[in-house]
Amino acid sequence: MFNPTTIFALECYMHMNGLLNSLVLIGFFALMEGVAWFTHKYIMHGFLWVWHRDHHEPRKGTFELNDIFGLMFAIPSVWLIVVGSADFDWRFFAGSGIALYGLAYFLVHDVFVHQRVKAFKKAKLDYFHAMRQTHHLHHSVHTKQGAQAFGFLWVLPKFRQQFKK
């Protein structure tokens with residue numbers, strides 16, 4: 001039914017498709033750090049400070065108004081996964097990359113840095129120590145203006161050097 005050339009071509013296509021989908025997933029994961037930085041600096045500390053302000057204040061319960069941003073980021077992720085799931089095309093993998101970034105954000109920002117779930121209290125690796133300290137530096141400013149270090153997973157070299165153990 002299929003000759004060896006057709007089977008080989010199909011296997012090459014499937015391999016390339018898998019490679020491209022992996023690159024889309026990784027690319028959207030990486031892109032989200034830039035989107036998160038931009039959103040944090042210019043939107044959260046800009047016109048939507050009213051939603052973000054409580055994140056810079058002592059916690060008064062389990063949830064913050066700031067948690068709305070997580071839901072906002074989930075919308076394009078879920079939409080891409082749903083529309084891309086029929087054929088498992090690039091949209092599925094783009095949405096999955098955004099979702100994986102969201103999971104990493106939750107684990108690093110909410111669990112590790114802010115201790116919303118009491119786990120990972122000690123940072124043994126210099127990078128994670130610098131990540132936590134850089135975020136605390138960001139939170140040392142309780143106003144809309146004047147904060148620094150708006151990234152989440154990527155710690156700038158100057159902060160890695162500043163907070164080296």
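Helix H3 covers residues 68–84, which is 17 residues, and spans 25 Å from its first C-alpha to its last, close to the 24 Å expected at 1.5 Å a residue. The expected span is 1.5 Å times one less than the number of residues. Helices here are DSSP runs (H or I, at least four residues), numbered from the N terminus. The model is predicted: local features need pLDDT of at least 70, and side-chain atom pairs count only at pLDDT 80 or more, while totals for chains, interfaces and linings use all residues. Residues are numbered from 1 along each chain as its sequence is written, and side-chain values use heavy atoms, with hydrogens and water left out.

At Ala 74, H3 bends by about 25°, and Pro 76 follows within four residues. This bend is the angle between axes fitted to the seven residues ending at a residue and the seven starting there. Phe 69, Ser 77, Leu 80 and Gly 84 are the buried residues of H3.

The axes of H3 and H4 (residues 90–113) come within 7 Å and cross at roughly 150°. The two helices are therefore roughly antiparallel (angles over 145 degrees).

The structure holds 1 salt bridge, in which the side chains of Arg 91 and Asp 89 meet at 2.6 Å, N to O. The term means a side-chain nitrogen of Lys or Arg within 4 Å of a carboxyl oxygen of Asp or Glu. Accessibility of the two residues is tabulated below.

| Residue | Relative accessible area | Class |
|---|---|---|
| Arg 91 | 25% | partly exposed |
| Asp 89 | 19% | buried |

Buried means under 20% relative accessible area, exposed over 50%, and partly exposed in between (1.4 Å probe, protein chains only).

How values were computed
Axes are lines fitted to C-alpha atoms, for helices over the stretch in contact, and angles run from 0 to 180 degrees between N-to-C directions. Angles under 35 degrees count as roughly parallel, over 145 as roughly antiparallel, 65 to 115 as roughly perpendicular and the rest as oblique.
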